[in-house]
Amino acid sequence: MEHTLTLHNDVQEVPLLATFIDTICEENAMDMEMSMNINLAVEEAVVNVMNYAYPEGTVGEVRIDASVTDGLLTIIISDSGTPFDPTGKEDPDINLPAEERAIGGLGILLVRQFMDTVTYQHTDGKNILILMKKLN
Amino acid sequence: MKTTIKEQNDEIVVYFEGRLDTAASPQTDKDIQPVLTADKDIVLDCEKLEYISSSGLRIFLSILKEAKPRGHKVSIVCTNQNLLKIFAVTGFTNLFEFRK
């Protein structure tokens, strides 16, 4: 079954995303751990779009399409903002001491950690980020 | 999301309750501001925390970055295995002292 959610570039709409992901997790009988990991990866990817895809002060949209086929969860996050490939960003060094640890950069690391594949493409003026995760 | 700050046994204990997601983080960040100038060791109690995303992790890191140069310890109390995994993959288990 396919599900679609469209949000604005406003992080206060993140709880709507959590409800949307919870519905998909429940439909596919995912356990708490899987459900939290997917919520986290999708939140990080969507918030990245909300914060950086559109110029400050302008309203834009981010669309989330989710489906499960043969035990494979596919989440497609698309927006019409500035072209940006988050997969091109290096993970922060998590072994650095506190004084040297940067405050940011953990978002994309969490997306990579909790998804099996993360693919970016720019098609028809849209940023398209595809997250995939094998269930069980 | 609810944040409560208490002084207990010469420590400051911050109790986090609920979902610390990107939407909740700005308020939580305001709530913990008094902790940043506290002259005591700090305990971040996550026993009632259900979820944390990178925006919440950034708040934890900012508390550590303020406390450590002033010679104070910051510990995390957490028994939720799912949250512990998030602390592990982000390297937080190396930065903070963990208590049960």
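**Figure 1. Burial and overall fold of chain B in the predicted model.** In this predicted model, 38% of the 100 residues of chain B count as buried. Chain B holds 5 helices and 5 strands. Along the sequence these elements follow the pattern β-β-α-α-β-α-β-α-α-β. The radius of gyration of chain B is 12 Å, close to the 13 Å that the globule rule gives for 100 residues, so chain B is as compact as a globular protein of that length. The C-alpha trace of chain B spans about 30 × 25 × 20 Å along its principal axes. Among contacts in chain B with a separation of 6 or more, 71% join residues 24 or more positions apart.

**Figure 2. The open sheet of chain B.** The sheet has 5 strands in the order E1-E2-E3-E4-E5 (chain B), and the pairing is mixed. Strand E1 (2-8) and strand E5 (97-99) of chain B stand at the edges. Each edge strand has a single partner strand, so one side of each is left without a neighbour in the sheet. On average, neighbouring strands of this sheet are turned by 25° against each other, direction ignored.

**Figure 3. Parallel pairing on both sides of E3(B).** Strands of a sheet pair through backbone hydrogen bonds, either parallel or antiparallel. E2(B) and E3(B) run parallel and are joined by 9 bridges. Within this pair, Val14(B) has Leu44(B) of E3(B) as its bridge partner. Strand E3 (residues 41-52) of chain B also runs parallel to strand E4 (residues 74-77) of chain B, with 4 bridges between them.

Figure 4. Helix H3 (residues 54-67) of chain B has 14 residues. From first C-alpha to last, H3(B) reaches 20 Å, close to the 20 Å expected at 1.5 Å a residue. H3(B) lies across strand E2 (11-20), E3 and E4 of chain B. The helix runs at about 175° to E3(B). Of the 14 residues of H3(B), 10 are buried, so this helix is largely enclosed by the rest of the structure. The buried residues include Leu57(B), Ile59(B), Phe60(B), Leu61(B), Ile63(B) and Leu64(B). Ser54(B), Ser55(B), Gly56(B) and Ala67(B) are buried too.

**Figure 5. The contact of chain A with chain B.** The contact takes 23 residues from chain A and 20 residues from chain B. On the side of chain A that touches chain B, the elements giving two or more residues are helix H1 (14-27), helix H2 (32-52) and helix H3 (106-114) of chain A. H2(A) provides the largest share of that side, 8 residues. By residue type, the side of chain A that touches chain B divides into 14 nonpolar, 5 polar and 4 charged.

**Figure 6. Leu110(A) and the residues around it.** Leu110(A) lies in helix H3 of chain A. The cut-off for burial is 20 or more other C-beta atoms within 10 Å. Leu110(A) has 22 C-beta neighbours inside 10 Å, so this residue counts as buried. Leaving out residues up to four places away in sequence, Leu110(A) touches Leu40(A), Ala41(A), Glu44(A) and Ser54(B). Ser54(B) is also one of the buried residues of H3(B). The C-alpha atoms of Leu110(A) and Asn37(A) are separated by 8.6 Å, while the two residues are 73 residues apart along the chain.

**Figure 7. E5(A) between two antiparallel partners.** Strand E3 (residues 72-79) and strand E5 (residues 126-134) of chain A run antiparallel, joined by 8 bridges. Thr74(A) has Met132(A) in E5(A) as its bridge partner. Strand E4 (residues 117-123) of chain A pairs with E5(A) in the antiparallel sense as well, over 7 bridges. In this pairing, Tyr120(A) has Leu129(A) in E5(A) as its bridge partner. The hairpin of E4(A) and E5(A) has 2 residues between the strands. In this hairpin, Asp124(A) takes a positive phi near 50°.

Conventions
Residues numbered from 1 in each chain as written. Chains lettered and ligands numbered in written order. Predicted model: local features only at pLDDT ≥ 70, side-chain atom pairs only at ≥ 80, totals over all residues. Rg over C-alpha atoms; globule rule 2.2 N^0.38 Å. Buried ≥ 20, exposed ≤ 12 C-beta atoms within 10 Å, placed from the backbone. Contact = placed C-beta atoms within 7 Å. Nonpolar A, V, L, I, M, F, W, Y, C, P; charged D, E, K, R; others polar. Expected span 1.5 Å × (residues − 1). Pairing = 2+ DSSP bridges. Axes fitted to C-alpha atoms, helices over the stretch in contact; angles between N-to-C directions.
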